[in-house]
Amino acid sequence: MAKQLNRKNALFAMFTFVLALVLAACGGNAASGGGSGSGGAADTEKGEGVMTFAEFSAAKVDDPVVIEAYVQGKQSWWENQATIYAQDADGAYFIYNAQCSEEDYAKLVDGQKIKVTGYKAEWSGEIEIAEGTIEFEDGNYIAPATDVTALLGTDELIAHQNEKVSFAGMTVEPSTDPDGKEVAFLYNWDGSGSDGDDLYFNVSDGKATYSFTVESYLTGAGTDVYEAVKGLNVGDTVDMEGFLYWYEGANPHITSVTVK
Amino acid sequence: MNRKSHFWTKGTDPFVRLALTLVIAAMTCTALLTGCHGSQGLPAFEVPEQWDSSKEYEITFWAKNDTNKTQTKIYEQAIADFEALYPNVHVNMRLYTDYGKIYNDVITNIATNTTPNVCITYPDHIATYMTGSNVVVPLDGLFADAKYGLGGSELAFDGPTEAEIVPQFLSECVLGDAHYAIPYMRSTEICYVNKTYVEALGFTLPDVLTWDFVWEVAEAATAKNADGTYAVNGQQVMIPFIDKSTDNMMIQMLKQRGAGYSTDDGEIQIFNDDTKDILYTVADHAATGAFSTFKISGYPANFLNAGQCIFAIDSSAGATWMGSEAPLVDISPDKLVQFETAVRMVPQYDPEHPQMISQGPSICVFNKADSQEVLASWLFAQYLLTNDVQIAYAQTEGYAPVTTKAQQSDEYQDYLSRAGEDNDAHYPVKIEATQVLMNNAENTFVTPVFNGSTSLRDASGQLIENVAKSVRRKETINDAYLENLFNDVLALYHLDQLGGGVGGGDKDALGPLPTASKALIGVLGVAWVGIIAVAVSDELKKRQS
């Protein structure tokens, strides 16, 4: 009888173990996080076979490229492909659809140093690293935002493509919604969208008006910048930070807005 | 758990006990796994005898627009008009600008029984939605219902009869042996041509383009001046031929050649010699810079309008972006170049027997526990086929209405007749693109729909994209390259794992098993080995004693 009870206990234990695993399997995966950067200085020395930013800039479209840089922002992850902004001491990179597991994507925190091997590409004026692979390296650097307000509308602006940039003292100008009303922002470029879609808003530096974007994959509904832009009023004076994305011209993707 | 212990304390035959254990454990695990990774099927929908207008219904409609505010407003107006006719139904719209995003969200929501009620979608996608049990409502019973069906006697609106839906478009919504959707709008691929540059290069634009003509002109346009600019436009950039949708490009080329793509049952036939021949041609012209793609370079419309492209292939539903006078433009005014825009069907191998793809949104209705809620959904879906909605929406782009009732109406005929009166509502490029489709309805085709056909479509475009990119990166395209490419694409899109058939098993439907689940399956195996070993040992000892 005692042996029978032991066997029963063993079977009970096995079954309990199995059920526990079932529940664990169904409970979802805990995200594996990476360490948060402290924002040190960017390495100026490049590793073996790694291009400087100048060499990357000089490379032709479709050339193979290898760069080292520091993550400054993550835009999206889908089907093991990550799109991120990265920057080193000399320039910035838009890394488009690089191979990346979901676990590694979680470790791509701001400041994390990475090495990217891929091909230089250009899509509607945006310089990218396409089909890259990502390796993690030791190092941490948070780039400061460069104030490019004075460069808006000039040929010099493109030199800062993909960089973390800032715009100071700009005025929110009206956009026209589908009903013909003047509003401070639109969902999608023409107002055809709804909450959760990209936000478009116009700002002026006093000389010209520019269209800025809150890219929903980069900073979607619920983020501080998304909600802040929804709260803008025409005539507000704002300071902004973002990444200098390019689409047939400068198309800044704004990541923070402060109403002055 | 207690009941299981109870069975073990009875002096039951150990093999019966083992069998009972197996059954109980299997039922437990199945229930748990089902709870985690899927939902129990709903009962099949049956059309209610009578519409219940006394109860409030809230239905969700996931709509797709082409990032076009006029389309959004038409949806909103349609909802308002419908709610006025059916005051007890409230329609909540969620807007999308990407079919793929709708597809992903529907797949996610099937598992939790939180699908929308009505959804704009592609038949390819519906085939995957049907992986679940009774997820999508078969519509034949609703079509035929005398009261609430197409042209039904108790409808509060003047909808089309079944006979008034263009038969070809309606047949595209048959999956297996039933209709699982109704067509909403139809479009096709169009070649938008810079006729000015074609003639400047010394060619005469034919009414029907052939592939040979397009490649010949495209190559001629790559000639450069001594200063490195292109002779035809004097600019630093010229990509003579850009295709927006390389999956449609490959599909249409194969169809025109009578080559294999897939069977209706989902047998994959795309990896054939015709495909190789097409890819060699693509490689030749990508190498010279005569050809590129949307994914590699950007929107064909932007290059066309900047005088940097001669043949821009895109949907007829993108017509309002095409041409010097296009109402929608995405490049700065200083980059716009003046030229004459010609609208042609996509290039053909046999111009006497043209073939072009039929595409465009359809509408499906999702099943719910309350059949009255499903009926409300059907009434709204059907309302989208009324003339008011069909004609208004078709005019927003190069879409054709899906009903003859709308196509033949005075209002729509008047619209067509006014092509060129202005560059907005009557933008001639848009109306000409629509007429290419309407004049060639009998020359359109669709690809077979099965669970996995979306993957095959993606794979077909990937072949062209990869070859074009490889050539640009100075890789050699030869038989060995193409064999490797075929194998890579086969694996990437799991084409060797497709179950075929509508609603068949598709691993893509729920994605790969999580690691923990794979571990669980392994542990389950070990656990059962242990259970069986204990039971057998117990029985042997019992017999020995």
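Colleague: What percentage of the residues of chain B count as buried?

Modeller: Keep in mind that this is a predicted model. Chain B has 545 residues, and its secondary structure comes to 22 helices and 16 strands. The share of residues in chain B that count as buried is 46%.

Colleague: And B:Thr131, is that buried or exposed?

Modeller: B:Thr131 sits in the loop between helix H5 (123-129) and helix H6 (140-144) of chain B. The cut-off for burial is 20 or more other C-beta atoms within 10 Å. B:Thr131 has 21 of them within 10 Å, so B:Thr131 is buried.

Colleague: How far apart are the C-alpha atoms of B:Thr131 and B:Pro87?

Modeller: Along the chain, these two are 44 residues apart.

Colleague: Over to chain A. Which strand gives the most to the side of domain 1 that touches domain 2?

Modeller: The domain assignment gives domain 1 (53-140) and domain 2 (146-259) in chain A, and 13 residues of domain 1 are in contact with 14 residues of domain 2. On the domain 1 side, strands S1 (64-78), S2 (81-87), S3 (92-99) and S5 (126-140) of chain A each supply at least two residues. The top contributor, with 4 residues, is S1(A).

Colleague: How many charged residues does that side of domain 1 of chain A have?

Modeller: Sorted by class, the side of domain 1 of chain A that touches domain 2 has 5 nonpolar and 7 polar residues. For the charged class, the count is 1.

Key. Residues are numbered from 1 along each chain as its sequence is written. Chains are lettered from A and ligands numbered from 1 in the order in which they are written. This is a predicted model: local features need pLDDT of at least 70, side-chain atom pairs count only at pLDDT 80 or more; totals for chains, interfaces and linings use all residues. A residue is buried if 20 or more other C-beta atoms lie within 10 Å of its own, exposed if 12 or fewer, and partly exposed in between; C-beta atoms are placed from the backbone. Domain bounds come from an automatic or database domain assignment. Two residues are in contact if their C-beta atoms, placed from the backbone, lie within 7 Å. Ala, Val, Leu, Ile, Met, Phe, Trp, Tyr, Cys and Pro count as nonpolar, Asp, Glu, Lys and Arg as charged, and the others, Gly among them, as polar.
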